[in-house]
Amino acid sequence: QRVESPLTLDGFTAARAFFAGCLADEDEARESLWVAHVDDEARCLHLTRHEGDADGAVFPLRSIIADAAAHGSSGIVLAHNHPSGDARPSAS
């Protein structure tokens, strides 16, 4: 996805508010991973969503790094949900 407006994710509060909206529209029974690529002023350059299932979400590291290189990202911001409500990491 391409972010059309200059969304700024300059801190925990801004990132939490933005990703809360993204996650609110998700299927509550499935995990997902959102990746925001940002420039050196924390402006979002590119946004992707990686869908998982009830037990986990994929973490496509190569794809994330390739996107970072393609978009000239200075950093990334990750958001991930746990449909169970248990935020502890699973064994996988």
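User: With which side chain does the side chain of His37 make a polar contact?

Analyst: A polar contact is a pair of N or O atoms within 3.5 Å; within protein, one of them must be able to donate a hydrogen and the other to accept it, and residues adjacent in sequence count only if both atoms are side-chain atoms. In this structure the side chain of His37 makes such a contact with the side chain of Ser73, at 3.0 Å. Please keep in mind that the model is predicted, so that local features need pLDDT of at least 70 and side-chain atom pairs count only at pLDDT 80 or more, while totals for chains, interfaces and linings use all residues. Residues are numbered from 1 along each chain as its sequence is written, and side-chain values use heavy atoms, with hydrogens and water left out.

User: Is His37 buried or exposed, judged by its relative accessibility?

Analyst: Accessible areas come from the Shrake-Rupley method with a 1.4 Å probe, and for residues only the protein chains shown count as cover; buried means under 20% relative accessible area, exposed over 50%, and partly exposed in between. His37 counts as buried because its relative accessibility is 0%. Contact means heavy atoms within 4.5 Å, and, once neighbours within four places in sequence are left aside, His37 is in contact with Arg43, Cys44, Leu45, His46, Ile64, Asp67, Ala68, Ser73, Gly75 and Ile76.

User: In which strand is His37 found, and how many residues of E1 are buried?

Analyst: Helices (H or I, at least four residues) and strands (E, at least two) are DSSP runs, numbered from the N terminus. His37 is found in strand E1, which spans residues 32–38. Seven of the seven residues of E1 are buried, so the strand is largely enclosed by the rest of the structure.

User: How should I read the faces of E1?

Analyst: In a regular strand the side chains alternate between the two faces of the sheet. For E1, both faces are covered: Leu33, Val35 and His37 lie on one side, Ser32, Trp34, Ala36 and Val38 on the other, and all of them are buried.

User: How many bridges pair E1 with E2, and how many join E1 to E3?

Analyst: Two strands pair if DSSP finds at least two bridges between them. E1 pairs with strand E2 (residues 44–51) in the antiparallel sense over seven bridges, with Ala36 opposite Leu47 and Val35 opposite Thr48. E1 and E3 also run antiparallel and are joined by six bridges, and here Trp34 stands opposite Ala79.

User: Which residue takes a positive phi in the hairpin of E1 and E2?

Analyst: The hairpin has five residues between the strands, and Ala42 takes a positive phi near 65°, although Ala42 is not a glycine. Ala42 lies in the loop between E1 and E2 and is buried because its relative accessible area is 15%.

User: How many salt bridges does the structure hold?

Analyst: A salt bridge is a side-chain nitrogen of Lys or Arg within 4 Å of a carboxyl oxygen of Asp or Glu, and the structure holds six. Among them, the side chains of Arg43 and Glu41 meet at 3.4 Å, N to O, and Arg43 counts as partly exposed at 34% relative accessibility. Glu51 and Arg49 form another, their closest N and O atoms being 3.0 Å apart; Glu51 is partly exposed, with a relative accessible area of 40%, and Arg49 counts as partly exposed at 35%. A network of salt bridges links Glu26, Arg30, Arg49 and Glu51. Arg88 and Asp86 meet through their side chains at 2.8 Å, N to O; Arg88 counts as exposed at 61% relative accessibility, whereas Asp86 is partly exposed at 31%.

User: Which residues form the nonpolar patch on the surface?

Analyst: Patches are made of residues with over 30% relative accessible area and no salt bridge, like charges being joined within 9 Å and nonpolar side chains (Val, Leu, Ile, Met, Phe, Trp, Tyr) within 5 Å. The nonpolar patch here is formed by Phe59, Leu61, Ile65, Ile76 and Leu78, which together have about 470 Å² of accessible area. Helix H2 (61–71) and strand E3 (75–80) each supply at least two of the patch residues. Leu78 has its place in E3 and counts as partly exposed because its relative accessibility is 42%.

Terms used
Buried < 20%, exposed > 50% of the residue type's maximum accessible area, 1.4 Å probe, protein only.
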